[in-house]
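Thanks for coming. I will go through a few side-chain contacts and then one surface feature.

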Amino acid sequence: IKNSIKKRARQSIKMIRRANSKKAQLQIMENVFTIIIIFIILIIAFFFTVVMQKQDQKKIEEESAALNVIKKSQVLSFLPELKCSENNNIDPDCYDILKIEAFIRQINEDNFYYRTLLGNMKFEIVKYDPSPEINSELQRWIVYDNPKPKDMGFTQVQFPILLKDIVSNRAYFGMIFLEVYK
């Protein structure tokens, strides 16, 4: 009887050990899956923050490019080398054709000052026929063109101006095309 009790005791101890080891294995598996899920959540959160930061960076770059275009157009608006003047009064939206041509020659001779002032941009002035029936381009001046070595695109702005020809005493409708390279 003692042997049978001992056998049964041993068997029940083995069964208890097996049950405990299965419980331990289940707990280990639960812990491993919990850690894996936490890592997956952290990876998703990391990618989400990276995407959000890239979007914010693009937004900041676009705002900076827009401000750069505004800055360049303001510089052009205040260049007295191109403006019409009458009795030392400068008209802000009027450009003198003779001064434009002289300015182009000046830039071709010595463009270091204007390269630092204007930077990487293209500045064109187009003269149109003033008659309402014929709205054709009469003349185009590429006043300044300094592209970046690496072409990354550009932002273009255009605005209307008045062009005066002092020699013939005529006024023309004109457009300034400003391309600021990125």
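I start with Glu124, which counts as buried at a relative accessibility of 7%. Keep in mind that this is a predicted model.

What does Glu124 form a salt bridge with? The partner is Arg140, and the closest N and O atoms are 2.9 Å apart. Arg140 counts as partly exposed, at 38% relative accessibility, whereas Glu124 is buried. The structure holds one salt bridge. Glu124 lies in strand E3, residues 121-128, and Arg140 in strand E4, residues 137-145, so the pair ties together parts that are 16 residues apart in sequence.

Next, the rings. The count comes to five aromatic pairs. One of them is Phe103 with Tyr114, an edge-to-face pair with 4.9 Å centre to centre and 80° between the planes. Phe103 belongs to helix H2, residues 97-109, and Tyr114 to helix H3, residues 112-118; the two are eleven residues apart, and the pair links distant parts of the chain. Both Phe103 and Tyr114 are buried. Together with Tyr113, they form one aromatic cluster.

A ring also takes part in a contact with a charge. The charged end of Lys127 sits over the ring of Tyr172, 4.4 Å from the ring centre.

Last, the surface. Which residues make the nonpolar surface patch of about 670 Å²? They are Ile28, Met29, Val32, Phe33, Ile36, Ile40 and Ile44. Phe33 is placed in helix H1, residues 2-77.

Technical notes. Residues are numbered from 1 along each chain as its sequence is written. This is a predicted model: local features need pLDDT of at least 70, side-chain atom pairs count only at pLDDT 80 or more; totals for chains, interfaces and linings use all residues. Side-chain values use heavy atoms; hydrogens and water are left out. Rings of Phe, Tyr and Trp (its six-membered ring) pair if their centres lie within 6.5 Å; planes under 30 degrees apart count as stacked, over 60 as edge-to-face and the rest as tilted. Helices (H or I, at least four residues) and strands (E, at least two) are DSSP runs, numbered from the N terminus. Buried means under 20% relative accessible area, exposed over 50%, partly exposed in between (1.4 Å probe, protein chains only). A charge sits over a ring if NZ of Lys or CZ of Arg is within 6 Å of the ring centre and within 35 degrees of the ring normal. Patches are made of residues with over 30% relative accessible area and no salt bridge: like charges are joined within 9 Å, nonpolar side chains (Val, Leu, Ile, Met, Phe, Trp, Tyr) within 5 Å. Accessible areas come from the Shrake-Rupley method with a 1.4 Å probe; for residues, only the protein chains shown count as cover. A salt bridge is a side-chain nitrogen of Lys or Arg within 4 Å of a carboxyl oxygen of Asp or Glu.
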